[in-house]
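Subject: Structure handover

Hello,

I am passing on the structure we spoke about.

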Amino acid sequence: MWTSLGAVTEPSGPRAASGRFWAVVLGAAAGLFLLGFLIGWFAKPTEKKTSVSLHEDMKAAFMAEMKAENIKQFLYNFTQLPHLAGTKKNLHLAQQVQAEWKEFGLDSVQLVHYDVLLSYPDDTKPNYISIIDEHGNEIFNTSLSEPPPPGYEAVRDVVPPYSAFSAQGMPEGELVYVNYGRTEDFFKLEREMKINCTGKIVIARYGKIFRGNKVKNAELAGAKGIILYSDPADYCAPGVDPYPNGWNLPGGGAQRGNVLNLNGAGDPLTPGYPAKEYTYRLDKASGVGLPKIPVHPIGYHDAELLLRNMGGHTSPHSSWKGNLNVSYNVGPGFTANYSTRRVKMHIHSNNEVRRIYNVIGTIRGTVEPDRYVILGGHRDSWVFGGIDPQSGAAVVHEIVRSFGKLKMKGWRPRRTVMFASWDAEEFGLLGSTEWAEENAKVLQARGVAYINADSSIEGNYTLRVDCTPLMYRLVYSLTKEIPSPDEGFEGKSLYESWYKKNPSKEYKEVPRINKLGSGNDFEVFFQRLGIASGRARYSKNWDVEKYSSYPVYHSVYETYEIVERFYDPTFKNHLTVAQVRGGLVFELANSVVLPFDCRDYASAVSNYAHIIYNLSRNYEEDLATYNVSFDALFSAVKNFTEVAASFHHRLQQTDINNLLAVRSLNDQLMFLERAFIDPLGLPGRPFYRHVIFAPSSHNKYAGESFPGIYDALFDIKNKADQHEAWKEVKRQISIAAFTVQAAAETLKEVA
């Protein structure tokens, strides 16, 4: 049933005629499913025996309703103009989305506003970097803008490349090359090479970690400014031309992005609370997570000119060398012939409070209207947003349309489904975080799950999923029902192509699923509120394609055309992602028993406990000296594993017609994620409250397991007070043990 019904893609190549035939058949089949369901729905509303088949029939009709051609058209519509947060163009897009969601048939669609701190370049004083001589004369200046892509020359209001929330300033000094600006890169410079970055301007290449972590590391090293650039080694795939002839980043392209270190706080001026008119605000100067030094991004043509005459130390390792025609000397400063020259930054961006707008749409549930399943993705973009975010927003739009189509014909989900078009994600996940802060009490009581829907594609190789372990089995079962869009896998499932191309390294004979980190709108739902979350998109082959993210990320070259010409010409991958995201929402909203499996959580927690324990064994002598034991944690994990198995057995025995029994068990499943939340948060990061998962302290994008213990162990040998350092390790182990045991208690049979 699923293989045929899900295979609704644009016909192409030699299979076009067959595709057209099946499209007609499938359309008729979907219509018959829907007609048959509705006759049964209205004729025999109390008949229980058909509930499972009705659910499957409606899911099939829902999946078949989504069309690649619609997603393609929505993407085109959303990418013709820039939609920077806080601008009229993005408000207009919000109003357009609101109007169309109403047309699609949602019960309610509202614009919800917040007044948050944003950051923009000064129109009268552009940002740039210069090389100056001993007299202060500017010998070289970096570009003020990117050359526009073909067809977009006349578009106005394209914001030039800048680092949002950079401090203002015009520092000058010697240049130091710091590789990727990671913690280990600065350790290499300071501890091994004895290079002091204090008072220097550092230059780091983009990639490996979140840019905000690079800025924080530079600050901690004493730098007075940091330049970020895209090296061809990280932003150009081998053998591919720069855009528009290929999908690589041109030399004049640069990556915009925020450089905050919010650690989940949301709006920098209202941490923990929604940024409404009545809210108390911090002074702009004391906002949370704001960098204290100037930051600016440049392209690799400009970077080559800055790095060409670097002197000082040679690079410590080949891994410090990119693909520019330069030595990659570290510095400080330039070679002897140019030793009097220095680098000067000119950064004049302003932080200001502006209004942002989320679009929130709702379809009310029938049986459990007080249980919410949320699908959300952001709408704001740095420029055109061809991939980030509009490839995701177009998919959300088609999912909403398809849900609306079923609803207008009489169907409703069991639970309430909410759809969100978030604003100001690019400025620190602000729209989603403020909304979750405003609705935190309701969400903690009623939130079943959150499915994130940012970029649908970052490559065209295979599926990529990051989610809570509660959803592993749901994701695997759903992908077995969706046809693979990949060449060579015709007639096979998405699960099969995904498993073949990216098998798990942790578990046998299943595809890889990643831990949730951050850098996207699921953060507040998962890391702060403890609502089960997941995300899915089509990705590249990370084992072979070593460049970071996708080459034109956050540049002016992220256009509709780059997607339509190079990434997904038939939009078959977009459709597949729509079926995964939409299918997850459908199952979570409509299954009688929530499709969560707590046994997978037990396996994951056990795996993570062994990983952190093995990491600690690098310090065997210290573990003995300071009497550090993981016994309590392993005992809690064992208890959790046993209770999870018992719960699952009890679930299998439950009469699904006993609504009260089902509701009770579903609530235990729903609240399990919440049980891993520590109200005090992680040390120094109070808004990251999940004890099992958190964004890495050294890379916001990456997820870390047992983050409290991990951070306590990190670089522990170099901590001044070893006794205090190991006391903190013991404290974090005890917090983890308590939390896992407490989570186990929530799954026990209600007395």
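Predicted model: local features only at pLDDT ≥ 70, side-chain atom pairs only at ≥ 80, totals over all residues.

Overall fold. The chain has 751 residues, and 61% of them count as buried. Its secondary structure comes to 23 helices and 19 strands. The radius of gyration is 26 Å, close to the 27 Å from the globule rule for 751 residues, so the chain is as compact as a globular protein of that length. Along the principal axes, the C-alpha atoms fill a box of roughly 90 × 70 × 55 Å. Among contacts with a separation of 6 or more, 79% join residues 24 or more positions apart. The chain exposes about 28,800 Å², of which carbon and sulfur atoms supply 52%.

Cysteines. The structure holds zero disulfides. For cysteine 467, the closest cysteine sulfur is that of cysteine 598, 15 Å away; a disulfide needs the two sulfur atoms within 2.5 Å, so this distance is too far for a bond. Cysteine 467 is also buried, with a relative accessible area of 3%. Cysteine 236 counts as buried too, at 18% relative accessibility, because the cut-off for buried is under 20%.

A helix pair. Helix α4 (residues 68–78) and helix α16 (residues 560–567) have axes that come within 9 Å and cross at roughly 145 degrees. On α4 the contact is made by Lys72, Leu75 and Tyr76, and on α16 by Tyr560, Val563 and Glu564. By class, four of these residues are nonpolar, two are charged and none is polar.

Regards

Terms used. Residues numbered from 1 in each chain as written. Heavy atoms only, no water. Axes fitted to C-alpha atoms, helices over the stretch in contact; angles between N-to-C directions. Helix = DSSP H or I, 4+ residues; strand = E, 2+ residues; numbered from the N terminus. Contact = heavy atoms within 4.5 Å. Nonpolar A, V, L, I, M, F, W, Y, C, P; charged D, E, K, R; others polar. Rg over C-alpha atoms; globule rule 2.2 N^0.38 Å. Buried < 20%, exposed > 50% of the residue type's maximum accessible area, 1.4 Å probe, protein only. Areas by Shrake-Rupley, 256 points an atom, 1.4 Å probe, with all protein chains shown as cover.
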